[in-house]
Amino acid sequence: MSALVEKKVVAGNLPAIAQALEQSQYLTFMLGGEMFAIGILAVKEIIEYGGLTEVPMMPECVRGVINLRGAVVPVLDLSARFGKATTTVTKRTCIVIVEIENGGEQQVVGVVVDAVNAVLDIAATDIEPPPAFGAKIRTDFIEGMGKVNGKFVILLNLGQILSLDDIAALANVNAMAQSLIGNSTAVAA
């Protein structure tokens, strides 16, 4: 008899389990007046903006590094990474510490955002594929478009945005540009 009851309880929980699997939590934040979101499982912590050490010869999107409990953590400005102006630091500006996989290894990176809003549950049925055109950022940076209260929230693909290969390529371009500028000023002098 208890086996029958257990089966009924387990079967009764299937819709709840399926619903939990189809619903994900996202941390929402503001960036340049727009709302974005990242999967909460990638977020390690949120810290106050400050204590940044600038690193010379880095792309504009790399703000610098911070000391996070003895670990050196690179900090990227998402606004600059999206090709916009760098984030203006205010009282609400913060650094979201995320963990991404890069080449089979876990990498901890900080991202500067204007303000953190809330953690939202977004059902899989409320997520649309990224637009093919018309987005203000690269479409490969967008994981999907979440529908929340009749509005869209841009769900970001952190793996693409924080791709170290892309950022290294930006650093190489920046270094080449600096050397060309240096050579042209030397020639002009």
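## Buried cysteines

Cys61 counts as buried, at 4% relative accessibility. Buried here means under 20% relative accessible area; exposed means over 50%, and partly exposed lies in between (1.4 Å probe, protein chains only). Cys94 also counts as buried, at 9% relative accessibility. The structure holds zero disulfides, a disulfide being a pair of cysteine sulfur atoms within 2.5 Å.

## Basis of the model

This is a predicted model: local features need pLDDT of at least 70, side-chain atom pairs count only at pLDDT 80 or more, and totals for chains, interfaces and linings use all residues. Residues are numbered from 1 along each chain as its sequence is written, and side-chain values use heavy atoms, with hydrogens and water left out.

## Aromatic pairs

Rings of Phe, Tyr and Trp (its six-membered ring) pair if their centres lie within 6.5 Å; planes under 30 degrees apart count as stacked, over 60 as edge-to-face and the rest as tilted. By this rule there are three aromatic pairs. In one of them, the ring centres of Phe36 and Phe82 are 5.6 Å apart and the planes stand at 40 degrees, so the pair is tilted. The pair links distant parts of the chain, 46 residues apart. Phe36 is in strand E2 (residues 34–39), and Phe82 is in the loop between helix H2 (78–81) and strand E6 (94–102). Helices (H or I, at least four residues) and strands (E, at least two) are DSSP runs, numbered from the N terminus. Both Phe36 and Phe82 are buried.

Phe82 also pairs with Phe141. That pair is tilted: 5.8 Å centre to centre, with 40 degrees between the planes. Phe141 lies in the loop between strand E9 (127–128) and strand E10 (142–148), while Phe82 lies in the loop between H2 and E6, so the pair ties together parts that are 59 residues apart in sequence. Phe82 has a relative accessible area of 9%; for Phe141 the value is 1%, and Phe141 is buried. Ring pairs link Phe29, Phe36, Phe82 and Phe141 into a cluster.

## Nonpolar cores

A nonpolar core is a set of buried Ala, Val, Leu, Ile, Met, Phe, Trp, Tyr and Cys residues joined through side-chain atoms within 4.5 Å. The largest has 28 residues. Ile38, Leu78, Leu156 and Leu162 have the most contacts inside it. Elements giving two or more residues to this core include strand E1 (23–31), strand E7 (105–113), strand E11 (151–156) and helix H3 (158–161). E6 gives the largest share, four residues.

Ile38 touches Gln25, Tyr26, Leu27, Phe29, Val43, Val96, Val98, Leu156 and Leu158, not counting residues up to four places away in sequence. Contact means heavy atoms within 4.5 Å. Another core lies apart from the largest one. This other core has nine residues, among them Ile47, Leu68, Val73 and Val108.

Leu68 sits in strand E4 (residues 62–68). Leu68 counts as buried, at 13% relative accessibility. Beyond its neighbours within four places in sequence, Leu68 is in contact with Glu45, Ile47, Val73 and Ile97. Leu68 and Ile47 are 21 residues apart in sequence and 9.8 Å apart in space, C-alpha to C-alpha.

Thr28 lies in strand E1. Thr28 is buried, with a relative accessible area of 1%. Not counting residues up to four places away in sequence, Thr28 touches Met35, Phe36, Ala37, Val116, Asn117, Ala118, Leu120 and Val153.
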